[in-house]
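Good morning, and thanks for coming. Please have a look at the structure on the screen, and then I will go through some of its parts.

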Protein chains: 6
Amino acid sequence: MRPSKRAGDQLRPVSLERNFSRHAEGSCLVKFGDTHVLCTASLEERVPGWLRNSGKGWVTAEYGMLPRATGDRMRREAASGKQSGRTQEIQRLIGRSLRAVVDLPALGERQITVDCDVIQADGGTRTAAITGGFVALADCLAWMEARAMVKRKDVLTSHVAAISCGIYNGEPVLDLDYPEDSTAQTDANFVMTGAGGIIEIQGTAEGAPFSEDEFLKLLALARKGINELVAMQREALGAEL
Amino acid sequence: MRPSKRAGDQLRPVSLERNFSRHAEGSCLVKFGDTHVLCTASLEERVPGWLRNSGKGWVTAEYGMLPRATGDRMRREAASGKQSGRTQEIQRLIGRSLRAVVDLPALGERQITVDCDVIQADGGTRTAAITGGFVALADCLAWMEARAMVKRKDVLTSHVAAISCGIYNGEPVLDLDYPEDSTAQTDANFVMTGAGGIIEIQGTAEGAPFSEDEFLKLLALARKGINELVAMQREALGAEL
Amino acid sequence: MRPSKRAGDQLRPVSLERNFSRHAEGSCLVKFGDTHVLCTASLEERVPGWLRNSGKGWVTAEYGMLPRATGDRMRREAASGKQSGRTQEIQRLIGRSLRAVVDLPALGERQITVDCDVIQADGGTRTAAITGGFVALADCLAWMEARAMVKRKDVLTSHVAAISCGIYNGEPVLDLDYPEDSTAQTDANFVMTGAGGIIEIQGTAEGAPFSEDEFLKLLALARKGINELVAMQREALGAEL
Amino acid sequence: MRPSKRAGDQLRPVSLERNFSRHAEGSCLVKFGDTHVLCTASLEERVPGWLRNSGKGWVTAEYGMLPRATGDRMRREAASGKQSGRTQEIQRLIGRSLRAVVDLPALGERQITVDCDVIQADGGTRTAAITGGFVALADCLAWMEARAMVKRKDVLTSHVAAISCGIYNGEPVLDLDYPEDSTAQTDANFVMTGAGGIIEIQGTAEGAPFSEDEFLKLLALARKGINELVAMQREALGAEL
Amino acid sequence: MRPSKRAGDQLRPVSLERNFSRHAEGSCLVKFGDTHVLCTASLEERVPGWLRNSGKGWVTAEYGMLPRATGDRMRREAASGKQSGRTQEIQRLIGRSLRAVVDLPALGERQITVDCDVIQADGGTRTAAITGGFVALADCLAWMEARAMVKRKDVLTSHVAAISCGIYNGEPVLDLDYPEDSTAQTDANFVMTGAGGIIEIQGTAEGAPFSEDEFLKLLALARKGINELVAMQREALGAEL
Amino acid sequence: MRPSKRAGDQLRPVSLERNFSRHAEGSCLVKFGDTHVLCTASLEERVPGWLRNSGKGWVTAEYGMLPRATGDRMRREAASGKQSGRTQEIQRLIGRSLRAVVDLPALGERQITVDCDVIQADGGTRTAAITGGFVALADCLAWMEARAMVKRKDVLTSHVAAISCGIYNGEPVLDLDYPEDSTAQTDANFVMTGAGGIIEIQGTAEGAPFSEDEFLKLLALARKGINELVAMQREALGAEL
């Protein structure tokens, strides 16, 4: 029995609220249950130095947590003077995941920065960030399309969403919340495209090692969850994508 | 005529949403029009080193802005490795303002950190932060009172709220939004208690110097605005304070 | 009775020693009693990036304290790796105050940096720095005028000086020294031009809130003190300004 | 055809040179072909603050690269003032992997730091570091056993080794070198115990997404490679483990 | 002919002004011509962690330059966030030099920090700092003796002073000023005790290598100069030392 | 009697292993007994900003120590976020020493960075680094000569090598190892050219001051040792230099 009473293959209630921010070219407040992440996509007419005059654009991501997004207050990274290894690891993952569905030459020499800021955390912040970040990115491209800068369909090659799975009390379960995450024996994150292709797999044994068979069960759960998330992305973005 | 069509002495629509955060001991999402600041109050059973064994507690504040809270994306302070002078100035102001209505010995040797994170900015973020930060602080003290740790009435000596005023197109106006703030000749922030005592005055000539007479007009406007804000705080906090 | 036996409206002995530094284009060692600040003005033929090709110049300030300028040795900021919030707040104030009397287009695309380094501290370092920084700035402009780069009268629109006031033992007093500053109930800094216009007001209740009436008394004291300081600046700078 | 002419399931020549360092309690120079990593294990009689008085020890890892370990010189991290996200990600992975085979209570309240410094890089530095780091750790425990501090068999619950796999020119291959790594469509790192349990899986699509079937082929290759690496660890460590 | 018209073995005018600072336990404004360094000695009743409970004290030095001490303004180290290699090298030299004449056990478990801040620079700042730092240190010990904490004679084993020499236009000269220093072929700094013992020698070929014979000429010059400096220290400190 | 049983004027076994690194344009693993330093020379087609369009090149050095190169593990400088004063002092010395035998205009507008990383330390790391760094530099120039970029003989004006000497148990000895270095009364480092010219002398009294006579004995020892080191450099570099 999961602490949340969910079935093993059941997502938390998910919502994707577009246009949450007045200023950003694209934005989405994504909620996976009590995990709330504000994703904004910001367009800049410049690229990193190593892409200058390449004809290619760039998509990157940054990740942060408000200090009291969690049960105990964490030190503000701006005050401590550096981003933790965990923060850097997560923002690198978000960036790679979004770039996997973007045709960088079609974007042109521009950079889109997707900021994912965790307003409230209850496990799964990185998977929520990828899922909501995609919506913000798609809306940023729609904003550009409305200004005849790109065609969104040319830039985005697929949808992308992410979910965590784990082995909790010996059972494979989908979409870990914090009480599950902090005690799971095995914890894995999956990123997949709308077409079912795998973009990233990260599985970690927190306690005992896991077997190939257990891993395949997690992968199957993830596929089911990501299909549902992509369906919600399609619904949120309407006929537009 | 103000860009927002407001009368010269008219506040923007203000809202104070308590208990916005699931984890914090006290929290408030404060909106001054399109300026939205999430304030959380976090209790810790420790004080800074210089207060140890003093019998006194401490209230401090930290301030941050999401990178795309503004019209142009700003660099994330955690990534640049330090807080700007502006950020430090604002968080010092918020801390001083809140401490001005707190009886530190009555708090006991504990620290309350009020984090004020700007989700969306349209001018006046520091005054919204002080006004909403007070509500978060009051709720944190209510949380403590419910656990018989303190009596909220003993700790809080008054309400505190803040507002900006300025001279815009030659006229004194209350509660500057960003279009006004960026072109005002004079810009002043006022912090006052519920009893009308002045806690902090900061007035700056952005263009031509201002006169004592002009300054007194701004002070009168501020008094009116702060009275209204304190009334809203009272309404939000109910009979509790 | 003030610890220094001064009358309530009496400045400490003030001196302005021009050309203290052999290298700087303008310099002034300013003393407000035992508070000694060395101000140098350095000219550079470049402006910050955001002013390039604007035709406008820039005046900025930096502030520092020698580690043993104070009663207890403070940690050297260069060793701790960052400037404190207090340092940044003060140097931003000095820069704003000086720019308020400078016609930036008349300066041309050049930057003048006014460094204010506290050799010895006894309260009021920021007001001494503004008052002496103006003399260094004026001499830097005289240096430029001697080389036919600008006309000093075109660049400087007025004099500027600053003083602190406070409520000490219930009485409003002018130009707080450290023993007063550390125990004053209310502490305010005023920056005004030679023509009596107000550039900056910063008033803070250290203990109980203050009233409008008290504040007006401080403002009147400040006006008297700044008039005296500007007279000394005129005397120091001679017929030149 | 692989650039190195290796068969698809063939490791590079691997060597594990124990006792490379005169000072460290355990050390191993590990070579996977032209990738050379010096691993040292350092024992300290202290634990991180959050483990004090817990009766448990800690194993952690740090990772670095000499500036010219690579084809182009990289900036020295000590000079740039921070470790890159990549460095932090790798050292966190090494630490997790080694801790997965350590019984922390059996270690007692002590910390072992495994430093993995890349002397020369040709792809696969993190997998070499885990494989060699285990040997250094085992020797550190032998050093402790010789001093009757622990029994090595009690502390180490299994062997641990790691290898990369990828899809290169459409074919799954084992142990990518740099020319393969920089052009592979998919790149995955696997960490497993001597008993075949999975500790960590990290798979990333560099170009097109990959399928479950492709992933299973990589996993099978990895299992073969890790079995061979563990056999070499056993041979290097002799009857001792 | 030297730019300053001095004879080859002639010091610049030297002055040692004691008690320059109101707050420090000992202080000295030392001038070697246009090089002016303010040295303060600060006593603290604590020692670095590695000396705790050793019964020994510590003497350390810090060095800084005001940004416009030099012909061109240098970036403020507190603003750039770190001390340069040159700064660290110099402050380590000053500390070693002063400790060479201090009996650390006789000092007791206390730390004296000698801050050497360059107000104006014209070459030879480190040698002026050592020479003036000794006077500040001696006065700090006199302050302590007046409070019966130590006997100054027990703590100080000798005087210490320092001077630079160099080969300028082919001739060995004493006490380089900036115009000489910046073009000298060879530049050497010498630190000696009042009894003529050598504490530190640093000689550097700026252009062509130098010979042993040339070096011995510099050493002889240095001995003469340091004898004169020690005589001035004796005169400044009076019968007290 | 020296701990190592060496005669007073005897070097430790020295080896210079060229081409240790596969990637660098020049490299040398130098061993002075148990002190092992890997030196790599990296060529870049750019110069520091202040040399742009000067027609001159630059040679610089960086120095690092693996954390467990020493008896006790030291904190990794990349993790602590800055290079120690000692590290900066040493790398500045290495750079100056190598530049002393380089004709910078003959190098052309290019930079060679010599990285000296201490793999294992037993005293004398800076002298080993200079001695081995010269071999790496010479090989980098040979690499350039093979590509017709420069003539090595034009760029290198001499050999350069370095050695430490000290007074140990009252006797002058050559090439201190760590047990000697940590207890020597006087410690000096000498850098000389192949022609016997002196480039740098650094002598420090660790305990009692030293006399001119003692210093000359150290200088004589150093000359003997450096002659032997240069002979080994000649042998290692063959007829090529």
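One definition to start with: two residues are in contact when they have heavy atoms within 4.5 Å. This is a predicted model, so local features need pLDDT of at least 70 and side-chain atom pairs count only at pLDDT 80 or more, while totals for chains, interfaces and linings use all residues. Residues are numbered from 1 along each chain as its sequence is written, chains are lettered from A and ligands numbered from 1 in the order in which they are written, and side-chain values use heavy atoms, with hydrogens and water left out.

Setting aside neighbours within four places in sequence, Q202(F) is in contact with I201(E), L93(F), R96(F), R126(F), D187(F), A188(F) and N189(F). Q202(F) sits in strand β9 of chain F, residues 198-205. Helices (H or I, at least four residues) and strands (E, at least two) are DSSP runs, numbered from the N terminus. Is Q202(F) buried or exposed? Buried means under 20% relative accessible area, exposed means over 50%, and partly exposed is in between, with a 1.4 Å probe and protein chains only. Q202(F) has 11% relative accessibility, so it counts as buried. The C-alpha atoms of Q202(F) and F32(F) are separated by 20 Å, and the two residues are 170 apart along the chain.

Staying in chain F, we come to helix α7, residues 212-237. The expected span of a helix is 1.5 Å times one less than its number of residues. The buried residues of α7(F) include F215(F), L218(F), L219(F), A222(F) and I226(F). An α-helix has 3.6 residues a turn, so residues three or four places apart point the same way. Just after α7(F), G238(F) takes a positive phi of about 65°.

Now chain E, and helix α2, residues 85-99. It has 15 residues and reaches 21 Å from its first C-alpha to its last, close to the 21 Å expected. How many of the residues of α2(E) are buried? Eleven of the 15 are, so α2(E) is largely enclosed by the rest of the structure. Among them are G85(E), I90(E), L93(E) and L98(E).

Two loop residues come next. N19(D) has a positive phi of about 55° although it is not a glycine. It lies in the loop between β1 (14-18) and β2 (26-32) of chain D, and it is exposed, with a relative accessible area of 57%. A148(F) is not a glycine either, and has a positive phi of about 60°. A148(F) lies in the loop between α4 (125-146) and α5 (152-155) of chain F, and is exposed at 70% relative accessible area.

Last, chain A as a whole. It has seven helices and nine strands. Its C-alpha trace spans about 50 × 40 × 30 Å along its principal axes. Buried residues make up 61% of its 241 residues. Among contacts in chain A between residues at least 6 apart in sequence, 71% join residues at least 24 apart. And where does chain A stand with chain E? They do not touch, and their nearest C-alpha atoms are 12 Å apart. Chains C and D do not touch either, and their nearest C-alpha atoms are 12 Å apart.
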